Each structure stands twice: as C-alpha cells, then as structure tokens.
Amino acid sequence: MQAYDPLADERTPEGPQFDVFLAGTVFLDIIFTGLPAMPAAGTEIWAEGMGSCPGGIANLAIATSRLGLRTSLAAAFGDDDYGDFCWRTLEEQESVDLSRSRRFEHWHSPVTVSMAVERDRSMVTHGHPAPMAASEMIGTPPRSKAVIVPLSTEDPLDSPDSPSNWAELARRDGALIFADVGWDPSGLWSRSLLDQLALCHAFMPNAVEAMAYTGADTPRDALYAIADKVPVAVVTDGANGAMAIDSASGEEAFVPAPRVTALDPTGAGDVFGAGFVLGTLCRWPLADRLAFAQLCAALAVQQFGGSLAAPGWGDIADWWHEVRDSADHAGAYGSSLARRYAFLDKLVPALPVGAVRRAAATIARYADVGPQPSAARPDRPEDEDPGTPRVPAQKE
C-alpha cells in the first residue's frame, strides 16, 4: 500500500526527485530505560527496558520519512552486523533512499549506548571518522526541495573546500537550506558562524544556542537578531513553546508547546525540524508550521529512544481525533488546543490511507522501551520477558 503523501498536491512530473536530502553520521543507538540510578564503579544494575535503532543523522531521516517526505540520506555504513541492521532499517522499514550512501569494508559502525535515569540521560559513544568525506561520497547531490544541515565554524557552508559544500550545490539547484546548530563545547559561541545564514532559508536553534550566538538576553531578542540574517528565523524554547519570524511573508508567531510529560528528549529537535520543513513545503501559515512542529516533538518526547519515538501520520491522526472529540468537555485548555490545531482537520479528518505509525526497530527483534511498571529482575538472562514484538511501520 502506498504511504500517505501530504505533499501530493504540490508534486509535478518535472519536480525534484526528493523532498529532503541529508548527509551525516549514522550511529547504532542502544537505549536502556527505567534504570533506578547510574551504576557505581564495579557494580551491575538491570534496566527495565531496552531498544536499539539507527541514530545520529538517522533520527532526522526517519523523522522526515515518517511524515511522508521523500527522504534521501548520504552516510557511511560499516560492513559489520551493526551496519547491516541500520541500512536495512532505514531502507526497507523507513523508506529512506540510500543511493548516495556507501558501505565500507573493515570500518566499525559508530555505536552509542544511552542510559535513561528518571528524565535525564547519559551516553557512551565509540566510533571512527568516516573513510570518505560527505562531499566526495555525494558528488552532485540529487535534486531536492530542501536540505537540512548543521552550521559549523570548522566546516562552513560558504567555503568552496568545505565537506558541507554539497549543500550549496543543492541550493543552486533549487533546494531550500534549513540550518540548525549544536552545542559549542569550546564556549566561544563565535558570532561569525551566523554569517553562513546568508545561504540559508531558515535557521532553527534552541533558545540557549540562539542567545549564546547572538549575545541577546532573551529568546525573543535573539529571534530578532537572527531574523536580520535569514528569511525564516525560529527559536525553540522547550516546554515554553517556539517563536518565529518569516520576513518573506511578514508573519511573526509564538505558539505554546502542548502539555506533555517528557520522558526522553533525544531527537526532539530533529522531529521539530522535520515538522517545520514539512509545513514550509506545504506552504502553511507560520503559526501552523510552528504548532505542527511542536506537536511532532511533543509526541516524540513521550516515548524513549531517538528515531524509535518519531511520530508518523497515524500517531498524529490518533492524537488529533482524541483532542477534537474531547474538546467540548476538556475545559479551557482542551478547547484552546482544539482551536490551535483545527488546521489538522483538513489534513486528517479521518485516518489517512497509508498513514505510518511508529515502528519498533531493534536489532534484538524485540523492543521494550515504553513507560512500564517496575518489574523484578529475572534470575537468568534467558528468562527475561521479551517485551513488545517488533512490528514494521504500520499502514492502515
């Protein structure tokens, strides 16, 4: 069955092959949840839940693909079992095109172990540099409507010799560049990084990053400073919501975040970015783009595990139908939520045919990472309850 396509009305025979093109590093993520505490030196503890999934740039690729965006990814994959699993999950289960990706012999796939304790997490990662730069692997990027890239002072978009210069080639071929940025461990927060925004359509930092790079005292002041440099400026502020300015349309919007109990923030920024890119390509009003992106992130943080948590249209439709059907007796907040997301009724008045839901991708064939009551430690590993069977992305 063909997947639900929210951009069906926007497509033309001569249009780009892909909606989103990405490049980066794929990690095998192994997630342990429900830990009572971090293990002390020389001790062993048991986790209530465990799952495994492709991570790193795969978080973003899976988030965009589950929303119906035709996604292509360029990444290095090892020839080990970890690489096999990540490749198979992305290509077969998540429908991510890997024609610009490469397999490399004798290269160890990067691995991250994430341990969730209460609402915090710690990670341990092992990996080696990719055997080939992204620009060499990609060559001429495929035509796409959008690319999503991180800004970096070490690898600037505006340098002809930069491995990220594939994004500039994509821009010349009509793609919109959506940029984000990571934490600066050096603490320098060089403002020259923002000079790269001259090549970008949108910039989507969080509030801490935005204030650090602009020197502003508040997220809103940071937003105005960024809006002087890029057509679409977005600043996310966690549970406080998100704000944006679209200079091309003259729109300015602030949208509060839906109230949720956050379990794991891993990949929430990627999910937000995927939702905002979709709304932009669908030509939605700015407030609707922000609201949709925040809904996607809110649905994700209620689950554990990066790409495991990224919602599909089935999850979005389920949430909207519950909100819509309970609005009359859900109080002022429920009524406000129904008004804010009323635009979804045009998109998902019923569950769309081909709508994808979350899939539990795990190398162990079983995933058990959802919120669960405490369970006693089994006496032997082979006695452990396997949890929830792995299911492919469901299609209705």
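Two strands pair if DSSP finds at least two bridges between them. Keep that rule in mind for the first stop in this predicted model.

Start with strand S7, residues 111-117. Strand S2 covers residues 26-35, and it pairs with S7 in the parallel sense. Six bridges join S2 and S7, so the pair meets the requirement of at least two. S7 has another partner, strand S8, residues 120-126. Here the sense is antiparallel, and the bridges number seven. Find serine 114 and look across to S8: its bridge partner there is methionine 123. How much of S7 is covered? Six of its seven residues are buried, which leaves the strand mostly covered.

Next, look for empty space inside the protein. Rolling a probe the size of a water molecule over the atoms shows where empty space is left. The structure holds one cavity of 30 Å³ or more. The space in the largest cavity comes to about 40 Å³. Which elements give two or more residues to its lining? They are strand S5, residues 76-78, and helix H2, residues 81-93. S5 gives the most, with three residues. Ala76, Phe77 and Gly78 are among the lining residues.

How many disulfides does the structure hold? It holds zero. A disulfide needs two cysteine sulfur atoms within 2.5 Å. The cysteine sulfur closest to that of cysteine 86 belongs to cysteine 53, and it is 8.3 Å away, so the two are too far apart for a bond. Cysteine 86 is also buried, because its relative accessible area is 3% and the cut-off for buried is under 20%. Cysteine 296 is buried as well, with a relative accessibility of 0%.

Move on to helix H9, residues 313-326, and pick out aspartate 315. Is aspartate 315 buried or exposed? Its relative accessibility is 12%, so it counts as buried. What does its side chain reach? It comes to 2.9 Å from the backbone nitrogen of glycine 312. Now set aside the neighbours within four places in sequence. Aspartate 315 is then in contact with Leu299, Val356, Arg357 and Arg358.

The last stop is the backbone. Most residues other than glycine have a negative phi. Tryptophan 189 is not a glycine, yet its phi is positive, at about 50 degrees. Look for tryptophan 189 in the loop between strand S10, residues 176-181, and strand S11, residues 202-203. Arginine 283 is not a glycine either, and its phi is positive too, at about 65 degrees. Arginine 283 sits in the loop between helix H7, residues 268-281, and helix H8, residues 286-301. Which of these two residues is buried, and which is exposed? Tryptophan 189 has a relative accessible area of 13%, so it is buried. Arginine 283 has a relative accessibility of 66%, so it counts as exposed.

Technical notes: Residues are numbered from 1 along each chain as its sequence is written. This is a predicted model: local features need pLDDT of at least 70, side-chain atom pairs count only at pLDDT 80 or more; totals for chains, interfaces and linings use all residues. Side-chain values use heavy atoms; hydrogens and water are left out. Buried means under 20% relative accessible area, exposed over 50%, partly exposed in between (1.4 Å probe, protein chains only). Helices (H or I, at least four residues) and strands (E, at least two) are DSSP runs, numbered from the N terminus. A polar contact is a pair of N or O atoms within 3.5 Å; within protein, one must be able to donate a hydrogen and the other to accept it, and residues adjacent in sequence count only if both atoms are side-chain atoms. Contact means heavy atoms within 4.5 Å. On a 1 Å grid over the protein atoms alone, a cavity is a set of points where a 1.4 Å probe fits but cannot get out, and a pocket is an open set with protein on both sides within 12 Å along at least five of seven lines; lining residues have an atom within 4 Å of a point. Grid points are joined across faces, edges and corners, and a volume is the space filled by probe spheres set on the points.
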